Amino acid sequence: MRRSLIVTVAAAVGIVLLAMMVPMAFLMSDYALEDRLTKAALEVQATETVVARQDAGSVAFYLDKINDGEDGITTTVLYPGDVADIGPDQGEDDRVAQVRSTGVARVDDVDDGTQLLVPVSRGGSTPAEESTAVIRVVVERPGVDSELFGGLAVLLLLGLALVVGSLLVADRLGRGFVEPIRAVAAHAGRLGAAGESVTDVEPVAVTGPAEVRELATALNRLVARIQTLLAREREANADISHRLRTPVTALRLRADSLADADERQRLSADLDDLQATIDAIIREARRSEREGLVASTDAVAVVRERVEYWRLLAEEQERDLTADLPPTPLPVRASAEDLAALVDVLLDNVFTHAPAPAAARVTVTARAEGGARIRVEDAGPGFPEGIGSPGRGVSGAGSTGLGLAIVEQTATSSGGGLLVDGSPLGGARVTVDLGVA
Amino acid sequence: MAQVLIIEDDPRIRPLVIKALTERGHAVSSAATGMSGLTAAIDGRPDLVVLDLGLPDVDGTQVLSMLRAVSDVPVIVATARDDDPSLVACLDGGADDYVVKPYTTDQLAARIGAVLRRVAPGGRAADPAISIGGLRIDVPARRATLDDVALDLTPKEFDLLRYLAERPGEVVTKRTLLAEVWQQPWGGSEKTVDVHLSWLRRKLGETAAEPRFLETIRGVGVRLSTEGS
């Protein structure tokens, strides 16, 4: 924004200066020419007097004197007949001949200037062509080597100073706009930063232009509201946990006190199912607590860390566990805790249902629509017939089968999904799509 | 036999806990509110307090803080929250152990037994750490060392080691570990226990083939060997 403001101001000032300075330069040039023409007219009058009354030597002396300067005006006297012309621009042409014959002065535009031709009669009161000298005064158009150049240079310097001054003012103004906006943006960024709890965030300072102050105030109000809602949700979740788990505790203790072992076992099994359901409900209710304001986790980093954790067990079982991970991070919409639990469930399923040394492979790829695809597959016996609904899960030795339901909840919450099928390795394959953060 | 005070507001749970612990040989008293429990804990001088956090008058964590200000009596917190931060906050707040609802009679009795073994009669132990050979586990500080070198353990690895160390020489099944350490008596996978045991072995500088402390009893479970020293 600061750069845009500077560029805009530079462009605007540049256009204004151009619009003013170009006509001004032409105007200055015209004024300079007009000044020379006035001076030339005076010189013509003086020269006329000298030519009419003085001899050739005096005229030559006079012309040397007035042509000596570097004022861009040269005066030449063109005598008729065989009398030698005096001055730097000697030589007749049609215009000179016309002036001499008609006795009427003329002014013409010539290359790089203006030419004045004035007849002077040297034959007394009766003008005659053969006794008429012509004064030729050539006035050069002011060029870059004249005083005009100095004036234009001063004008240009003033223009440049104006541009630089405007840019400095624009930069200062821009900083005044940009720094408070940056502070607000950095604050908003911190709200979503992984690992920082929104409840611990201090309000952003309300400074800068009115619009930025309004934005900062609105953001602070929003964060305060979120903090209140999260606190309420945390309290509500604690209350739900307490309300649901306390009666189940009573039931468990009552079941423990039953004398009939079979009845006790049956009731405990029912309570196990009930407790598993309650755990799933509470876990789902706490998802936003785990995710915070912005759920964003690097899927590659989490998968790498969890695969390394399980690798040790794989090595002990002489099981080949490979991970094919992209080199760049892939942020997904899930908390690190939920994502780690998801990977653990998938790897746990492999280790539980694919007997060692069946190989296992974990692949993470970027999805075209954003997010990541995590694929866990093995060379085990595959899923039993009829397994297709993750909601029912995969139940088997050492597992309650709730794992895939947890995986599916995390996947769908992030805007993705879950697919269970066979792997080219020969066993089961679970594909989890996770939405972009 | 130990004198146990139960601070629990739920009228269904309180008598069942009293009955179960009485049957296990403890002398049990109870209180239904935080303030009456605090009074009973100060006046009655029990050997151990089981404190429910969801009390009607004062929050259980505040009762714990107030109790800790005046007494060293061991406290086991009964909580419905099973997330790690909440449990660690309980321990940091002065609890000696915790049990997550819904707990069974056996679980509660086992926690009471483990805590009582760590404390001297009438108060907290002068040294709350468990020492087995070169292995030393400081439970309140949640720190473990092996031959005076600190072990870098995850919270679950520490809990696992601590649970086994509180029962040296006793074979513990993986299902029991899931119930006691993972608080999942009804779920979880034994492979989760296996992978944590693998890391624990590595951090203890041993292998399954050549164990020093962690000894796997095939088909039964695992035990922490006292011969590791």
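Visitor: Is D148(B) buried or exposed?

Guide: Count the C-beta atoms around the residue. D148(B) has 7 others within 10 Å, so it is exposed. This is a predicted model, so read every value with that in mind.

Visitor: What is the phi of D148(B), and where does the residue lie?

Guide: Phi is near 70°, a positive value in a residue other than glycine. D148(B) sits in the loop between β8 (143-146) and β9 (149-150) of chain B. E318(A) lies in the loop between α8 and β6 (321-324) of chain A. With 8 other C-beta atoms within 10 Å, E318(A) is exposed.

Visitor: Which peptide bonds are cis?

Guide: Look at omega. The bond from A356(A) to P357(A) is cis, with omega near 10°. P357(A) is in the loop between α9 and β8 of chain A. In chain B, K101(B) and P102(B) are joined by a cis bond, with omega about 0°. P102(B) falls in the loop between β5 (97-100) and α5 (105-118) of chain B.

Visitor: How many C-beta neighbours does R100(A) have, and is it buried or exposed?

Guide: Apply the count again; the cut-off for buried is 20 or more. R100(A) has 23 C-beta neighbours inside 10 Å, so it counts as buried. R100(A) belongs to helix α3 (residues 94-102) of chain A. Leaving out residues up to four places away in sequence, R100(A) touches P80(A), P119(A), E129(A), T132(A) and V134(A). Its C-alpha atom is 8.3 Å from that of E130(A), 30 residues apart along the chain.

Visitor: In what order do the strands of the open sheet in chain A run?

Guide: The order of the four strands is β1-β4-β3-β2, with antiparallel pairing. At the edges are β1 (73-78) and β2 (106-110), each pairing on one side only. The twist averages 20° from one strand to the next. For one pair in detail, take β1(A) and β4 (residues 132-140): six bridges join them. V77(A) has I135(A) in β4(A) as its bridge partner.

Visitor: What should the span of helix α6 of chain A be?

Guide: At 1.5 Å a residue, the 25 residues of α6 (residues 261-285) should span 36 Å; the end C-alpha atoms are 35 Å apart, which agrees. The buried residues of α6(A) are L271(A), Q275(A) and D279(A). They pack against α5 (210-256) of chain A.

Visitor: Which residues have the most contacts inside the largest nonpolar core?

Guide: In soluble globular proteins, nonpolar side chains tend to be buried together. The largest core here has 43 residues, and A299(A), V303(A) and L346(A) have the most contacts inside it. Elements supplying at least two residues each include α8 (299-316), β8 (360-366) and β9 (372-378) of chain A. The top contributor is α9(A), with nine residues. A second, separate core has 42 residues, among them A250(A), L87(B), C90(B) and V99(B).

Conventions: Residues numbered from 1 in each chain as written. Chains lettered and ligands numbered in written order. Predicted model: local features only at pLDDT ≥ 70, side-chain atom pairs only at ≥ 80, totals over all residues. Expected span 1.5 Å × (residues − 1). Buried ≥ 20, exposed ≤ 12 C-beta atoms within 10 Å, placed from the backbone. Contact = placed C-beta atoms within 7 Å. Core = buried A, V, L, I, M, F, W, Y, C linked by C-beta atoms within 7 Å. Pairing = 2+ DSSP bridges. Axes fitted to C-alpha atoms, helices over the stretch in contact; angles between N-to-C directions.
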